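These are my notebook entries on one structure. I took a few residues, a pocket and a core in turn and wrote down what I looked up.

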Amino acid sequence: MADADLHAAAEADLVYRLEDKPPFAKSLLSAVTHLLAIFVPMVTPALIVGKALNLPAEMTAYLVSMAMVASGIGTFLQVSRFGPLGSGLLSIQSVNFSFVGVMISLGLGMKAGGVDENAMVSTLLGVSFAGAFLVCGAAWLLPYLKRVITPTVSGVVVLLIGLSLIDVGITDFGGGFHTKGSDAFGSLQNIGLAAFVLVVVLLFNCMRNPFLRMSGIAVGLVAGYLAALAMGMVDFSPLHNTPLFTVPVPFKYGFAFDWSAFWVAAVIYLLSVFEAVGDLTATAMVSGQPYEGDAFQSRLRGGVFADGLVSVIATALGSLPLTTFAQNNGVIQMTGVASRHIGRYIAAILVLAGLFPAVGRLFTTIPSPVLGGAMVLMFGLIAIAGVRIIMTHGINRREAVIAATAVGIGLGVAFEPEVFKTLPEVFRNAIAAGGITAVLLNLILPRDAQDKPVYLSENEGK
C-alpha cells in the first residue's frame, strides 16, 4: 500500500484527530485508558531497582513518585510543542526500561565497593543527568546517526536489554534479591504466587478484546497483590507515618559523578534514541500524520530533543531517565483518539498522583514474586521486540554475523563480567559491550551487494 493510502486509512479510522478537542468526559476517559497502558511499566522500573539494590522504602517510594511527576511534565512538553521542543503528537513519556539493568549492575558494583546508599543513588542519577544532554544533542544529528546505528545495531541492544532483565525478573519470581541465600528464595509459596500472576496475565493476553489484552499485566498484578494479601505476604510498614504531600527536591540525595559509569549510561542513551525515533514514527502513522518529509523531520527532532530534556528534568528530580512509550500507539488505534490535547489530562493526573507520597509507597508494598510473575513475560517480550527490529529490513549474512557476535559478547559479559576486568567499566556491562561491538562491526565489516537479505515472509522486501 502506498504511503498516501496508509495516511488516508489511518485518518479514516480516527474519531478525534490530532488538533481536535474532545469533550471533558471523553477526554478524561481516554486519558485513563492511556494511563492503564503505561502506569505499571512506569512505576515498575523504580520498584525493581529499589528492591535489587535493597534501597530503603522511603527512597524507593520517592523514585516512584518522581517517575510520575517527571512523566507528567514530559508528556505536557511533548504534546504542547514549544518551538523546537516536543513532537506535537500524543506522545506519552514514561520511564526508560533500558536503564533498569544498567542501574542495577552499576549500583551493585558500587555497593560491593563500600559506597553507601545515598552516594550510590546520587552517582547513578548524576551520570544519568549528564548523559541526557547527549540525547538533546543527538536530536540534531539524527541523519548522521542513522548511518551508524542501523536496525541491526538497535535491535541487538533491545534484545540484550530484554535478556539481561530476565535475570532480574526470574529472581523476583523466586522471592527477590533480598531472599537469596535463604530458604525463602525459590520456596513453593513464592513460586506459586508468581506463577499465579503469570497465568492471569497470559489468560488476559489471549482475550479477543484489545482493551482486556492491554490491561492484562495490570490485572495480573492486582490479582497477585490480593492473593499475597490473603496469604499474609504484604508488609504495610512502609505506609506508616507517610506525609500527606511531597515536594520534589532537585538532587535530593546530592550530586555525584563517575566517568566509568557515565560511559555506560552514555552508550545506552545514544542507542535508545532510535527506540524513540521508532515510537514517534509509529505515533505519527497511527495519528494520520505524515511520517516523512521536512515537516515530519522537524517533528521528530523536537520529539527526540524533548526526550533528552525530559530525562534531564527527571534525573534532577530523582527519577530514572524517561523516553516515549510505544504502548500508547496501540491505545490510539484501539480508541481512534489521536488528539494531543488528551496528553494534558494525562500529564495533570500523573503530576497530582506523584505529589501524594502514599501512592508511591503503596507500590513498594507489592511483594517481589507478584512483580516477578508479570516481569518475566514483559522482559521476554522486550527481547522478542529486539529480534523484530533486527528483522525489520531482512537479515543477510553480514547482519547475522554482526548480531551473533554482539549478542555473544554481550551475553558472555553477563555470564562472566570479570573477563574484561582490565578494560574500562563500560566493557563490563552486557548491554554496553554488545552495543559497542555491534556499532564497531557495522562500521568495519564490508558490504556485499550480492548478499541478499532474508525476510520473515516471502511477501516482505518486494
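In which helix is Ile389 found? I found Ile389 in helix H16, residues 368-390. I worked on a predicted model, in which local features need pLDDT of at least 70, side-chain atom pairs count only at pLDDT 80 or more, and totals for chains, interfaces and linings use all residues. Residues are numbered from 1 along each chain as its sequence is written, and side-chain values use heavy atoms, with hydrogens and water left out. Helices (H or I, at least four residues) and strands (E, at least two) are DSSP runs, numbered from the N terminus.

**Entry: Ile389**

I looked up the accessibility of Ile389 and got 28% relative accessibility, which counts as partly exposed. The classes I use are buried under 20% relative accessible area, exposed over 50% and partly exposed in between, with a 1.4 Å probe and protein chains only. For contacts (heavy atoms within 4.5 Å) I left aside neighbours within four places in sequence; Ile389 then has Pro151, Ser154, Gly155 and Val158. Ser154 is 235 residues from Ile389 along the chain, yet I read 7.4 Å between their C-alpha atoms.

**Entry: Arg398**

I next checked Arg398, which is found in helix H17, residues 397-415. Is Arg398 buried or exposed? Arg398 is buried, at a relative accessible area of 7%.

I then listed its polar contacts. A polar contact is a pair of N or O atoms within 3.5 Å; within protein, one must be able to donate a hydrogen and the other to accept it, and residues adjacent in sequence count only if both atoms are side-chain atoms. The side chains of Arg398 and Glu399 are joined by one of 2.9 Å. The side chain of Arg398 also reaches the backbone oxygen of Leu445, at 3.1 Å. Not counting residues up to four places away in sequence, Arg398 touches Leu441, Asn442, Leu445, Pro446, Arg447 and Asp451.

**Entry: second largest pocket**

I looked up the second largest pocket and noted a volume of about 630 Å³. Of its 24 lining residues, Gly101, Ser105, Asp167, Ala414 and Pro417 are the closest to the centre. The search runs on a 1 Å grid over the protein atoms alone: a pocket is an open set of points with protein on both sides within 12 Å along at least five of seven lines, and lining residues have an atom within 4 Å of a point. Grid points are joined across faces, edges and corners, and a volume is the space filled by probe spheres set on the points.

Which helix gives the most to this lining? H4 does, with six residues. At least two residues each come from helix H4 (98-112), helix H7 (151-174), H17 and helix H18 (430-444). I sorted the lining into 13 nonpolar, six polar and five charged residues. Here Ala, Val, Leu, Ile, Met, Phe, Trp, Tyr, Cys and Pro count as nonpolar, Asp, Glu, Lys and Arg as charged, and the others, Gly among them, as polar.

I stayed with H4 and listed its buried residues, which include Phe99, Gly101, Met103 and Met110. Gly114 follows H4 and has a positive phi, near 90°.

**Entry: largest nonpolar core**

The largest nonpolar core has 133 residues, and those with the most contacts inside it are Ile48, Phe97, Val156, Val273 and Val304. Helix H11 (residues 259-286) supplies the largest share of this core, 15 residues. Such a core is a set of buried Ala, Val, Leu, Ile, Met, Phe, Trp, Tyr and Cys residues joined through side-chain atoms within 4.5 Å.

**Entry: positive phi**

Most residues other than glycine have a negative phi. I looked for exceptions and noted two.

- Asn54 has phi near 55° and lies in the loop between helix H2 (24-52) and helix H3 (57-80); at a relative accessible area of 48%, Asn54 is partly exposed.
- Arg81 has phi near 55° and sits in the loop between H3 and strand S1 (93-95); at 28% relative accessibility, Arg81 counts as partly exposed.

Note on methods: On a 1 Å grid over the protein atoms alone, a cavity is a set of points where a 1.4 Å probe fits but cannot get out, and a pocket is an open set with protein on both sides within 12 Å along at least five of seven lines; lining residues have an atom within 4 Å of a point.
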